[in-house]
Amino acid sequence: MTGDIFPAVMADLFDGPARGVVVDSPPGAGKSTLVVRAARHIAATGEPLAVVAQTNEQVDDLVANLAAAAPELPVGRLSAQGYVPVARISGHPNVQVDSAVAGLGGCRVIIGTAAKWATLTEGSWPWAIVDEAYQMRSDALLRVAGRFERTLFVGDPGQLDPFSTVETERWAGLSWDPQLSAVAVLLRHNPHVPVHRLPVSWRLPATAAPVVSKAFYPFTGFTSGTTREERSMEFATRAFGASPLDATLATAAATGWALHELPARHSMRTDTEVAKACALLALRLLERGAVAVSEKAPGGAPVGPQRIAIGTAHRDQAAAVRHYLPEHSGITVDTANRLQGREYDVTIVWHPLSGRRDATAFHLEAGRLCVLASRHRHACVAVARAGIAELLDAHPSTGRMYLNEVVKFPDGWEANQAVMSHLDQHRVVAS
């Protein structure tokens with residue numbers, strides 16, 4: 001489906017009246033494929049291209065993907081001083097790495113983080129691509145936008161908002177609020193900029209796409225690119241025991257979702273019982289010999305530790321989960337912020353509202369739950385203490401409203417209610 005909109009996107013970028021084009025992408029809709037294809041298309045004109053990503057991990061991924069897709073294309077990795085190329089890009093002879101643009105003079109495409117591009121004091125480029133544009137703060141765009149003649153902005157509007165360590169209330173409601181995403185401010189000041197949308201998720205299975213679409217993309221819904229028959233999860237050891245762990249995994253394999261529910265209790269943020277349950281579910285999944293059947297592997301592919309992720313809201317929760325895993329388990333355990341853009345066969349989610357006495361704006365953030373619930377190709381297991389539905393009912397959204405502030409949809413409280421309503425249908429009580 002990426003190819004369906006690609007000609008229109010390129011037509012607007014090359015010949016449209018606006019200097020920018022926005023492409024919205026739901027989780028797993030082929031955003032990275034679109035960026036690589038656009039980069040190759042622009043590079044074919046012979047003119048230089050700048051690509052802006054938000055993290056070093058994203059930059060390395062883009063460099064590796066583009067270098068592999070176009071081995072004849074000289075690609076530059078604009079880095080910080082002392083950067084050591086990671087394995088996935090060091091093996092490509094068409095990749096150069098340097099901390100200065102001058103050292104990448106022979107490269108048709110230069111890729112770097114927004115922070116690195118902002119350090120440049122001179123130079124301009126006729127073309128640019130901003131990847132994960134909804135993760136970019138508007139002030140970061142302001143520092144680099146003047147160097148680019150025409151820019152393609154690609155990102156997922158349902159993911160986490162840009163992060164700031166300072167209070168931003170003083171700018172709330174202003175059209176140039178630096179806490180807003182680059183795309184939000186761009187469109188407020190340039191309503192004529194064309195917006196295209198990728199309508200299909202190739203990551204999320206048919207069991208997940210309707211749930212995620214309804215909860216987090218109510219006005220720009222999407223569908224799954226695969227059918228229920230094309231995706232399934234089986235186990236080498238077919239006979240499940242009677243334990244709650246086995247019951248949860250059986251439910252997840254059969255329906256794509258499971259809620260592993262612990263007894264209701266107000267708990268510390270690093271709830272040891274939840275942390276242990278997350279770890280044990282992942283280890284049990286490996287012990288049962290999970291096999292993922294999909295359009296990519298019709299004969300089935302083992303779900304190894306590298307294909308499993310445990311997602312949390314806080315870093316100390318991730319550390320608590322790691323305590324219950326073998327030191328070199330290979331299982332990814334990280335926060336929603338760091339899991340953005342990544343993909344796994346199975347994800348285990350420590351629900352942000354588990355065991356809480358209140359529902360703060362941080363824990364109700366729609367983007368956080370969206371990231372956690374949309375990383376999987378086969379199944380998502382939520383781990384939580386009972387009582388989240390009652391907690392939500394007792395804490396409706398009461399955040400401050402500001403004049404001229406753009407209201408973001410969906411509302412975090414409503415999104416959490418929608419997801420919990422679905423998870424309730426796949427509950428396994430763990431006594």
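The model is predicted, so local features need pLDDT of at least 70 and side-chain atom pairs count only at pLDDT 80 or more, while totals for chains, interfaces and linings use all residues. Residues are numbered from 1 along each chain as its sequence is written, and side-chain values use heavy atoms, with hydrogens and water left out.

**Aromatic pairs**

A pair of aromatic rings is described by the distance of the centres and the angle of the planes. Here, rings of Phe, Tyr and Trp (its six-membered ring) pair if their centres lie within 6.5 Å; planes under 30 degrees apart count as stacked, over 60 as edge-to-face and the rest as tilted. The count by this rule is 5 aromatic pairs. Two of the pairs are set out below.

| Ring pair | Centre distance | Plane angle | Class |
|---|---|---|---|
| Trp117 and Trp125 | 5.0 Å | 85° | edge-to-face |
| Trp125 and Phe148 | 6.4 Å | 65° | edge-to-face |

Trp125 belongs to strand E6 (residues 125-131) and Phe148 to strand E7 (residues 148-155), so their pair ties together parts that are 23 residues apart in sequence. Strands (E, at least two residues) and helices (H or I, at least four) are DSSP runs numbered from the N terminus. Ring pairs join Trp117, Trp125 and Phe148 in a cluster.

Buried means under 20% relative accessible area, exposed over 50%, and partly exposed in between (1.4 Å probe, protein chains only). Trp117 is buried at 1% relative accessibility, Phe148 is buried at 2%, and Trp125 is buried at 7%.

**Strand E7 and its partners**

In E7, 7 of the 8 residues are buried, so the strand is largely enclosed by the rest of the structure. Two strands pair if DSSP finds at least two bridges between them. Strand E1 (residues 20-24) runs parallel to E7 and is joined to it by 5 bridges; Val22 stands opposite Phe153 of E7. E6 also pairs with E7 in the parallel sense, over 6 bridges, and Ala128 has Thr151 in E7 as its bridge partner.

E6, helix H6 (residues 138-144) and E7 form a right-handed β-α-β unit. Right-handed means that, with the strands pointing away from the viewer, the path from the first strand over the helix to the second runs clockwise.

**Arginines over rings**

A charge sits over a ring if NZ of Lys or CZ of Arg is within 6 Å of the ring centre and within 35 degrees of the ring normal. Arg77 lies over the face of Tyr83, 4.2 Å from the ring centre. Arg368 lies over the face of Phe362, at 3.7 Å from the ring centre.
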